[in-house]
Each structure stands twice: as structure tokens, then as C-alpha cells.
Amino acid sequence: MSTEKSKKRKRVYFFGAGQAEGHAKMRDLLGGKGADLAELNRIGIRVPAGFTITTEVCTEYQKLGKKFPPGLKEEAKDHLKRIEKLMGARFGDSENPLLLSVRSGARVSMPGMMDTVLNIGLNDRTIAGLVAKMGDPRAAYDCYRRFVQMYGDVVLSVDGEKLEELLERKKKRRRVRLDKDLPADALKELVAEFKNVVRETTGRPFPEDPHEQLWGAVGAVFESWDGKRAVEYRRLHRIPNDWGTATNVQAMVFGNLGETSATGVAFTRDPATGEKRFYGEYLTNAQGEDVVAGIRTPHPINIAGKGESGLISLEEEMPEVYAELVDNYKKIEKHYREMADIEFTVQQGKLWMLQTRSGKRTSVAAIKIAVDMVAEGLISKEEAVKRVDPDQLDQLLHPMFDPKADRKVVAKGLNASPGAATGRVVFSADEAVAETKKDPKAKVILVRTETSPEDIHGMAVAQGILTSRGGMTSHAAVVARGIGKCCVAGCGDIHVDRKKGLFHAKGATVRRGDWISLDGSTGQVMLGQVPVVDSEVNQVLLGQKKREESSLYMFFEKLMSWADGIRRLGVRTNAETPLDSFRAVRFGAEGIGLARTEHMFFEGDRIDAVREMILARDRDGRKKALAKLLPLQRKDFVEIFRVMEGKPVTVRTLDPPLHEFLPATPKEIRDLATKMGVKPKKLQEIVDSLHELNPMLGHRGCRLGIVFEEITEMQARAIMEAACIVKKEGRKVLPEVMIPLVATKKELELQREIVERVAREVMKEQGVKFPYLVGTMIELPRAALTADEVAGAADFFSFGTNDLTQTAFGLSRDDAGRFLPYYVEHGILPADPFAMIDQAGVGLLMRIAVEKGRSTKPDLKIGICGEHGGEPSSVRFCHRVGLDYVSCSPFRVPIARLAAAHAVLEEKGGPTPPAWVRGGKKAAGKAAQKTPKKKTAKKSARR
């Protein structure tokens with residue numbers, strides 16, 4: 001991009017006094033905060049004047065080696081003059097100083113993940129003007145202290161803990177508990193002490209020039225986009241690293257000017273439950289960070305939120321301000337047609353709105369709010385489906401504590417984010433990460449006095465979060481709800497001693513490594529591991545609870561019915577037991593896309609028959625051993641066919657190499673040799689002979705069935721005989737036999753001949769006929785590239801994306817865990833390709849296979865049965881490629897159903913923007929468009 005072009009491009013957008021150069025749909029350029037500040041002005045809500053520096057400037061700043069592009073400061077200077085005029089003060093003026101805040105604002109909300117600097121413009125000259133303006137030396141020096149402390153930490157990289165220690169020491173010496181109780185002279189002393197630390201640390205004096213302060217803060221905000229916590233948050237939420245952040249420069253208003261001033265955070269609906277009630281917290285005589293930091297106990301904004309706390313509410317303390325706040329929140333929700341998170345400041349009785357954004361909410365709240373807003377006529381059913389992130393359904397299906405279990409409750413806090421969490425206590429984010437790295441199955445509970453944005457990496461791996469301070473709008477509560485973690489916040493019953501690695505609660509002492517349980521729905525903290533049971537939704541789905549007894553299930557059912565009416569992709573399940581099959585059907589599965597027969601071989605004494613087959617010296621010996629397995633596999637298939645009630649059941653023939661069924665250690669070999677009546681040495685020789693250097697690419701899949709035809713014969717007979725039994729019962733049945741690891745058409749033809757021959761024999765023997773299909777897994781690049789040939793012998797394709805990813809990348813899934821996290825962290829790969837389909841490479845192979853396969857057979861049915869089948873972005877990709885269905889584990893079936901609906905909605909209107917963007921009166925009340933009828937591939941059934 002040339003310098004000439006960059007000069008012409010608008011980089012700074014003004015807002016204030018009911019006017020704005022931007023609007024809500026400019027999020028990509030202005031970031032979420034900047035776009036919404038502009039929109040608030042447009043709808044007539046009082047907002048401190050300011051301007052937004054675009055996300056493009058952030059990207060340019062990074063490319064220029066952390067330098068501002070030419071002309072930016074001059075453009076911003078013109079807008080600064082407009083702020084001065086509107087706010088009636090001058091930046092840097094010693095008599096009537098204008099102070100500024102600098103805040104980040106990415107396209108999507110990243111609460112607390114990037115930097116903010118408040119009270120910019122204060123120095124040893126302007127402080128006198130601020131004292132005169134406020135009429136309160138303590139309030140003025142409180143602002144100065146905050147500014148130097150925040151600027152030193154954020155911009156000048158001074159150790160924040162060192163500054164915090166000075167503050168704590170000062171409070172101790174003055175014998176006060178809270179920051180707000182420090183007198184003006186003590187705050188003045190702190191300013192000087194903080195500046196001394198800055199000089200000692202940086203070798204330079206604290207900057208006195210307001211303009212130097214301003215641009216130092218803007219640069220720090222841009223640089224915080226690449227900070228550790230921001231990068232971790234983007235990884236968790238799959239936010240692209242190249243988006244950059246906008247920066248918002250805004251006039252300061254003050255909530256710390258005595259008892260007629262306040263600051264707060266509110267939600268237009270309850271973010272935990274979705275209940276339609278105005279909900280929030282505030283503090284008098286405070287600035288914004290005091291509410292989210294949890295240093296003081298916040299008060300409820302209204303009488304309805306008081307409960308039994310006995311705290312005064314804003315509704316009672318400042319009734320006129322509260323009435324205006326209610327008018328504002330109603331106007332915001334009606335305009336955006338969405339649950340909003342709003343921040344406000346009251347300066348000496350005058351209400352100012354600082355920002356609004358889509359409120360972080362739990363999965364329960366997301367579903368209830370979406371369904372309620374349809375009933376209220378605010379949004380369409382399609383919009384409601386768009387509003388719920390498919391991944392949120394995973395939280396909805398999480399287990400809950402058994403209500404019948406004994407609970408040793410030692411403390412109770414705020415039920416900040418629902419869920420049932422059990423784990424060992426840790427006291428730092430780094431400790432949480434270290435424990436889970438040491439043992440990926442480890443369960444930890446992160447216990448803190450209060451969390452900060454630097455804790456995001458530990459919160460991400462913890463089962464739950466417990467804090468002794470902070471309210472429902474604290475950092476811990478907001479972030480936990482956003483990432484679906486159980487959280488109990490503001491638990492004043494506990495006292496945390498991080499240095500000693502313990503906390504006290506009602507006479508109990510809990511040490512690092514002890515087990516505790518958190519109930520995020522009640523706020524209870526319990527000793528030990530409390531047993532869990534299925535979630536409320538699961539209990540209804542599995543018949544353990546009546547449908548009408550669960551309002552949550554009713555909301556879930558309604559939303560999913562809307563999604564099913566929209567989606568075109570079918571959704572099946574990966575299952576090989578009757579119980580999993582039953583669960584999947586209740587979750588909405590339309591068939592089985594993968595039944596792994598080898599999983600059936602490990603149950604009970606079956607493994608002995610498999611081992612006998614492997615040890616046999618000839619075909620007759622193998623057939624004799626397989627004859628023992630036949631009735632067992634047949635019984636499995638009978639039960640599955642019954643559960644599926646005529647839905648397609650795709651059965652994969654034996655896939656893993658034979659050595660996986662044999663013992664590995666000398667003791668196991670001795671024990672098996674005794675059981676099988678052979679000498680240990682002989683068994684060891686057989687085990688050694690089956691050893692493969694690279695078994696993933698060795699004698700497995702269709703290669704086993706080709707060399708040992710009797711294996712495929714037995715499995716085909718078990719499938720067909722089971723189908724006959726179920727058919728004779730008057731039930732429908734549709735088996736689909738899937739041959740794994742095919743690389744050539746000839747391999748499939750050889751295996752198909754066996755299946756068809758056995759099917760003819762069985763049907764003749766039983767006097768029964770039924771349709772069936774024979775297809776293959778596409779899991780090797782050669783099969784994908786020659787899919788037009790392979791399709792000639794196939795009734796269907798099913799992508800085995802686990803192995804297709806391994807063979808396309810040349811990666812071993814079992815070993816890649818050692819370095820894949822590094823690849824993702826350093827941007828070498830955008831995501832783990834075993835978690836999300838690599839659309840550029842593996843996805844291209846899939847596209848080729850679909851196109852070539854259907855060039856031979858236009859009606860070829862194609863699905864996916866790899867683990868990607870339940871991952872939302874992969875499901876949307878499968879829709880775009882033209883697959884007929886996806887298959888995933890039972891518990892991910894609802895996620896796939898919702899993701900498939902999102903794919904259709906994206907296709908209709910282009911890429912779906914975040915729900916918060918789609919505001920405006922035009923969109924309100926739009927009727928849902930008709931969705932195309934579901935595409936059904938013609939099935940070429942073999943009889």
C-alpha cells in the first residue's frame with residue numbers, strides 16, 4: 001500500500017453530540033466499540049465525545065515497525081479540537097483541562113484482553129485546573145494517581161505489582177481499607193512515589209506532555225493486540241490474528257466525584273439465565289475499573305436485584321438517573337434487537353453511556369433469549385438460530401451435580417456462570433496450565449482473590465473458577481460465561497492466601513491439590529468430589545425426566561426444530577452400541593454414519609476369539625475362530641438395527657492392524673500363551689512377525705479383508721443375518737457396508753464381491769429381501785484424486801477425515817501433539833487440522849473427490865464420518881462442498897444440526913456477521929424466508 005494512498009484514506013472517525021461519522025455496520029473498520037459508540041450517538045443517547053482510529057491503522061502500525069503512519073496525528077488533531085469544543089475544555093490546559101481515555105475495540109468483544117488508559121492529560125500543571133474544576137482535591141488526585149499507575153504499567157512496562165504494593169503500603173500506613181478512603185495528601189504522595197519508580201525502571205522521567213501521553217497510550221493499545229492474553233483469547237474463540245484492533249479516544253467523565261457520582265455495568269437481560277429483567281451492578285464514587293476488578297463489593301442497580309443483600313440500589317439512591325438508564329437500555333435493546341451489555345458513568349447526577357455491546361451469556365441464556373425474542377416479535381426464527389453459537393450447545397449438555405448426593409458446603413458465592421465443576425485447587429493461571437500439560441486429563445479449579453485478563457490461559461484449562469471478590473459483572477464472571485466455564489464469584493466466605501497455597505472457609509482449610517466442587521447454578525463451594533448426573537436436557541432426551549417438567553428443554557427443543565427446518569445436511573452419529581445409538585437418535589441423529597466393528601471385538605471374551613483367529617495357522621483355523629465371533633457380532637447389529645428403526649446404518653469392516661489385538665508386555669504374552677495352550681516363545685514369535693514399522697500405513701483396512709477374505713465374509717454375514725432377523729420382525733432396515741482404506745477401484749471391487757455374494761446367500765437362506773449399500777471411506781489422497789474410478793464400484797463415499805488429514809499432511813495424529821500446539825501458537829497452521837478441517841489442503845482433496853465421484857455417479861451419496869463431523873466450521877464446509885450428511889459422536893449431534901442450519905443461513909445472505917451487527921429497524925420483525933427443501937440423494941440400493 002503506497003504512502004500516497006494511505007494519506008487519502010480516512011483513518012479517524014468522529015462521534016459526539018448526537019452525530020457520528022460511523023455507524024454500527026462498520027465494525028470491521030471501527031471495531032465493535034467504535035461502531036457502537038457511533039450508533040449510540042445516532043439513536044440519541046448521551047455519550048462523551050471522541051474519535052475512533054481504525055483497525056487498518058493498527059495493521060499499518062505493526063507493518064511500519066510500531067510507527068504511526070504519516071498524517072495520522074494531524075488528522076486526529078482536527079478531531080481533538082471538535083471534542084474540546086463539545087466538552088467545553090481544552091486538552092493540556094492548566095485552568096480547564098480536558099482529560100481523555102484510550103480504549104481498544106476489536107471487531108468482536110474481547111473483554112479485558114487488551115489495554116486501556118484513563119485520565120490522559122494530567123500532569124503537574126493540569127492537576128491544579130482539575131482540582132479547581134472538580135472542587136475536590138481528593139477526587140482530582142485520585143484521578144492523577146490512577147493515571148500514573150495505569151500509564152506506568154500499560155505504556156511504560158513498569159512492574160504493576162510494584163506500584164500496587166506501594167498503594168497497599170500507603171493504605172496500611174494511613175489505616176484505611178479501601179482506595180477511596182485515602183485522603184488527597186496521601187494520593188499526592190503516591191503520584192510522586194509512582195513517578196520515582198518510573199524513573200528508576202525506565203531511566204526517564206514520567207512524560208508530562210499530554211500529547212506524548214496520548215500517542216504513547218494509542219501505541220500501547222495497538223501493541224496489546226499481540227499481547228499474550230489477547231492472543232490466547234483469540235485462539236480460544238478462533239478470532240483471526242490479522243484483524244487488528246481499533247482505538248477509541250474519548251473525553252473522560254468522572255464517577256469518582258463524591259456521592260452523587262457513580263459507575264456501573266448492566267445487562268438488558270440476565271446473562272446467566274436469560275430471564276427478561278434489567279440486571280447490573282454499580283459503585284458510587286468510583287471509576288469503571290473498580291466494578292470489574294472486584295476490589296469493592298458492588299451494589300445492585302435496582303430493587304429487584306437486591307435479594308437478601310441489604311445493599312442500597314441505584315434505583316433507590318438515584319431514582320432520576322435510574323429512570324433515564326432504564327429508558328436508555330430499552331432504546332438500545334429495541335434498536336439492536338439483542339441482549340446488550342452497557343457501561344455507564346454518573347457524573348454529579350448526570351448520566352453518560354460509555355459503551356454498549358452484545359452481552360456475553362451462558363448457553364442457557366443464549367437459547368432462552370433467542371426464543372423469547374422471536375415470541376416478542378423482535379427477531380425472526382432464522383435470526384434466533386443464527387444467534388446461538390453451535391459450540392454453546394456443548395455447555396448445555398454438560399453434566400450437573402446429583403441432587404441426591406451429599407454435599408459438604410463450606411462457602412457460598414455468586415452463581416456467576418452455571419455448570420458443575422470438580423477439580424484440584426490451584427492458585428495461579430500458570431499452575432493450572434502446568435498441571436494440565438503434565439496430565440491432559442487433570443482437572444483443576446482456579447482459585448483467586450479476583451481474576452485479571454492475565455489469567456485467561458489458566459481459566460481456559462480449568463474446570464471452574466472461584467474468586468473471593470468481584471460481582472456478576474467482574475472479569476471472572478464475564479469471561480467465564482464467554483468461554484463456557486463454571487464460575488462462583490465474590491465468595492466472601494473464603495479467604496485466599498496465595499503465598500501459602502491455601503484458602504480458609506468456615507473453619508475448613510483447603511490446600512493446593514485438594515479436591516473441591518463448584519456449583520455454578522447455586523454458588524455453592526463444596527469439599528471433595530460431588531457425583532454428577534446427566535444435564536437437564538439429557539435427562540429429558542433419555543426419558544429420565546418429563547418434557548413438560550423442564551422449561552430449558554422446551555426452549556432447546558423449539559430452537560432445534562427451527563434449525564432442522566432450515567438445514568439441508570443430514571446428521572448421523574458414530575456409534576457401535578445400542579445405548580450410544582439410542583442416545584444419538586434422541587439427540588436427533590438420522591442414522592449411523594460409522595459403526596466401528598473393531599470396537600465390538602474388545603468386549604468380554606471376544607478378544608480371545610480374535611486372538612485365536614490371529615494365531616491360526618491356516619484359513620480353516622481362522623474360520624473356526626471367526627465362527628465364534630459371528631453370533632456375537634450378529635447380536636450387536638440386531639440390537640442396533642432395532643434402535644435405528646429403518647434409519648441407515650453404516651458399518652465399517654475391520655480397520656486396525658492385527659497387532660492391536662495382541663498383548664505387548666512379556667507378562668501379558670505369558671498369560672495369553674497359557675490361556676491359548678501355546679508356548680510363550682511361539683506366541684512371542686507371532687507377535688514379532690506382525691510388528692509393523694508404520695502400522696497406520698501397513699496391513700490394515702481393506703488390505704486385511706483382501707488377504708484374509710474370511711474376515712470380511714464373517715462380518716458381512718453378521719450384518720446381513722442381523723438385517724434378516726430385524727426385517728422378519730416387521731421392521732425396516734437399511735445396512736450400508738463401508739470398506740475402509742481403499743486406494744484403488746480394484747480393492748473395492750474385490751471386497752464388494754464378497755459382501756454381495758454373502759448377501760445373496762443369506763437372503764436366499766432366510767427367504768428375506770431388503771435394500772443395502774456398499775461403499776467406501778475416502779481417507780487416502782489417491783482415493784480422492786481417482787474418485788471417478790472408485791465411484792464406479794461404490795454406492796456411497798464417506799470421508800474418513802482423521803486418516804485423510806494424516807496422509808495429506810504426513811502427520812501421525814498420535815505423535816503430532818508434541819509440536820502441533822507450537823505450530824498453531826506461532827501461526828504456522830491456523831488451527832489444529834485434527835480438530836478443524838484443513839480446508840485449503842484436505843478440503844481441496846474432498847472437493848476433488850466430490851466432483852470426480854459425482855461425474856461418474858451424479859446421485860452418489862457422500863458424507864463424512866471423521867471427528868470433524870461435529871465441529872461447526874467443518875460442518876459448514878461440508879455443506880458448501882455438497883455433502884449429503886455429516887456423522888459425529890452422539891453428544892455432538894445437536895451441535896452439528898445447528899451448525900448445518902447456520903451453513904444455509906450463511907449461504908442465503910453471504911457470511912453471517914456477528915449478531916450485534918445486524919441491528920436497525922429495517923431488519924426487525926422480518927418473516928423467515930422459505931428454506932429450500934432438503935436435498936435427498938437417490939440411493940442405488942443393491943438387492
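Tutor: A residue counts as buried under 20% relative accessible area, as exposed over 50%, and as partly exposed in between (1.4 Å probe, protein chains only). This is a predicted model, in which local features need pLDDT of at least 70 and side-chain atom pairs count only at pLDDT 80 or more, while totals for chains, interfaces and linings use all residues. Residues are numbered from 1 along each chain as its sequence is written, and side-chain values use heavy atoms, with hydrogens and water left out.

Student: What relative accessibility does Glu168 have?

Tutor: Glu168 forms a salt bridge with Lys171 at 3.1 Å, N to O, a salt bridge being a side-chain nitrogen of Lys or Arg within 4 Å of a carboxyl oxygen of Asp or Glu. Lys171 is buried, because its relative accessible area is 5%. Glu168, by contrast, counts as partly exposed, because its relative accessibility is 40%.

Student: Which helix holds both Lys171 and Glu168, about one helical turn apart?

Tutor: Helices (H or I, at least four residues) and strands (E, at least two) are DSSP runs, numbered from the N terminus. An α-helix has 3.6 residues a turn, so residues three or four places apart point the same way. Lys171 and Glu168 are about one helical turn apart because they lie three residues apart in residues 160-173, helix H7.

Student: How far apart in sequence are the parts that Glu333 and Arg269 tie together?

Tutor: The closest N and O atoms in the salt bridge between Glu333 and Arg269 are 2.9 Å apart. Glu333 belongs to helix H13 (residues 319-336) and Arg269 to the loop between strand S9 (262-267) and strand S10 (279-284), so the separation of the parts they tie together is 64 residues.

Student: How many residues separate Glu21 and Arg82?

Tutor: Glu21 and Arg82 form a salt bridge, with 3.2 Å between the closest N and O atoms. Glu21 sits in the loop between strand S2 (19-20) and helix H2 (27-42), whereas Arg82 is in helix H4 (residues 72-87), and the pair links distant parts of the chain at a separation of 61 residues.

Student: What is the bridge partner of Asn415 in S20?

Tutor: Strand S16 and strand S20 (residues 486-489) run antiparallel and are joined by three bridges. Within S20, the residue that bridges to Asn415 is Val488.

Student: What accessible area do Phe819, Tyr822, Tyr823 and Ile828 have together?

Tutor: Patches are made of residues with over 30% relative accessible area and no salt bridge, where like charges are joined within 9 Å and nonpolar side chains (Val, Leu, Ile, Met, Phe, Trp, Tyr) within 5 Å. Areas come from the Shrake-Rupley method with a 1.4 Å probe, and for residues only the protein chains shown count as cover. Tyr822 lies in helix H34 (residues 820-825) and counts as partly exposed because its relative accessibility is 48%. Phe819, Tyr822, Tyr823 and Ile828 form a nonpolar patch on the surface, and their accessible area together is about 380 Å².

Note on methods:
Two strands pair if DSSP finds at least two bridges between them.
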